[in-house]
Amino acid sequence: MHEYSAVEQIVKIALHTAAEHQAGKVIAVSIAIGELTGFAEESLQFYFDIMKKDTPLIDTVLNIRYIAPRLKCSRCGHVFEREGRSFDCPECGGKSAPTGTGTEFFIENIEIETDE
Ligand SMILES: [Zn+2]
């Protein structure tokens, strides 16, 4: 999945949420992304700016939070954040494997403003 289709999903969900709550305005959409997705912040912002035109999201801000990948040592079980490209366990020097952390992609929060 690339940034384009990812942003398409975000916009769709944000519009749906806004309609559901009869929101006058969507102030901000906050998303969380694992670094392992390889999604670039500039690309996400770029597509978001294009897609929000001509929609009620025209003034909406996109907030992006990155989640560092975590690795688990196959020798001692230590779980740690990956530093650079190394897969070596900082505790025992053993080889580690990726955990699910770092591959996330989800909406954390949609901030809406209602007319009342
Ligand atoms: Zn270890």
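What follows is a walk through this structure, from its zinc site to its core, its aromatic pairs and one serine.

A word on ground rules: this is a predicted model, where local features need pLDDT of at least 70, side-chain atom pairs count only at pLDDT 80 or more, and totals for chains, interfaces and linings use all residues. Residues are numbered from 1 along each chain as its sequence is written, and side-chain values use heavy atoms, with hydrogens and water left out.

Let's start at the metal. The zinc ion is held by the SG atoms of Cys 73, Cys 76, Cys 89 and Cys 92, at 2.3 to 2.4 Å. Donors here are N, O and S atoms within 2.8 Å of the metal (3.2 Å for Na, K and Ca), and water is not among the atoms, so sites may look incomplete. Angles between the four donor atoms run from 102 to 115 degrees, which makes the arrangement tetrahedral; for four donors, that label asks for all angles between 85 and 135 degrees. Along the sequence, the donor residues follow the spacing C-x2-C-x12-C-x2-C. Cys 73 sits in strand E3 (residues 70-73) and Cys 92 in the loop between strand E4 (79-81) and strand E5 (96-98), so this pair links distant parts of the chain, 19 residues apart. Helices (H or I, at least four residues) and strands (E, at least two) are DSSP runs, numbered from the N terminus. Cys 73 counts as buried because its relative accessibility is 3%, while Cys 92 is partly exposed at 29%. The cut-offs are under 20% relative accessible area for buried, over 50% for exposed and partly exposed in between (1.4 Å probe, protein chains only).

Now for the core. In soluble globular proteins, nonpolar side chains tend to be buried together. The largest nonpolar core has 19 residues, of which Val 29 and Ile 31 touch the most other members. Such a core is a set of buried Ala, Val, Leu, Ile, Met, Phe, Trp, Tyr and Cys residues joined through side-chain atoms within 4.5 Å. At least two residues of this core come from each of helix H1 (3-20), strand E1 (23-34), helix H2 (41-52) and strand E2 (61-67), and H1 gives the most, with six. Leaving aside residues up to four places away in sequence, the contacts of Val 29 include Ile 10, Ala 14, Val 61, Leu 62, Ile 107 and Ile 110; contact means heavy atoms within 4.5 Å.

On to the aromatics. Rings of Phe, Tyr and Trp (its six-membered ring) pair if their centres lie within 6.5 Å, with planes under 30 degrees apart counted as stacked, over 60 as edge-to-face and the rest as tilted. That rule gives three aromatic pairs. One of them joins Tyr 4 and Tyr 47, with ring centres 5.3 Å apart and planes at 85 degrees, so it is edge-to-face. Because Tyr 4 lies in helix H1 and Tyr 47 in helix H2, the pair ties together parts 43 residues apart in sequence. Tyr 4 is partly exposed at 44%, and so is Tyr 47 at 24%. Phe 39 and Phe 105 are also edge-to-face, because their ring centres are 5.4 Å apart and their planes at 80 degrees. Phe 39 is buried at 7%, whereas Phe 105 is partly exposed at 25%.

Finally, look at Ser 30 in strand E1, which is buried at 16%. Its side chain makes a polar contact of 3.4 Å with that of Asn 63. A polar contact is a pair of N or O atoms within 3.5 Å; within protein, one must be able to donate a hydrogen and the other to accept it, and residues adjacent in sequence count only if both atoms are side-chain atoms.

Notes: Tetrahedral: all angles 85-135°; square planar, octahedral: opposite > 155°, others 65-115°.
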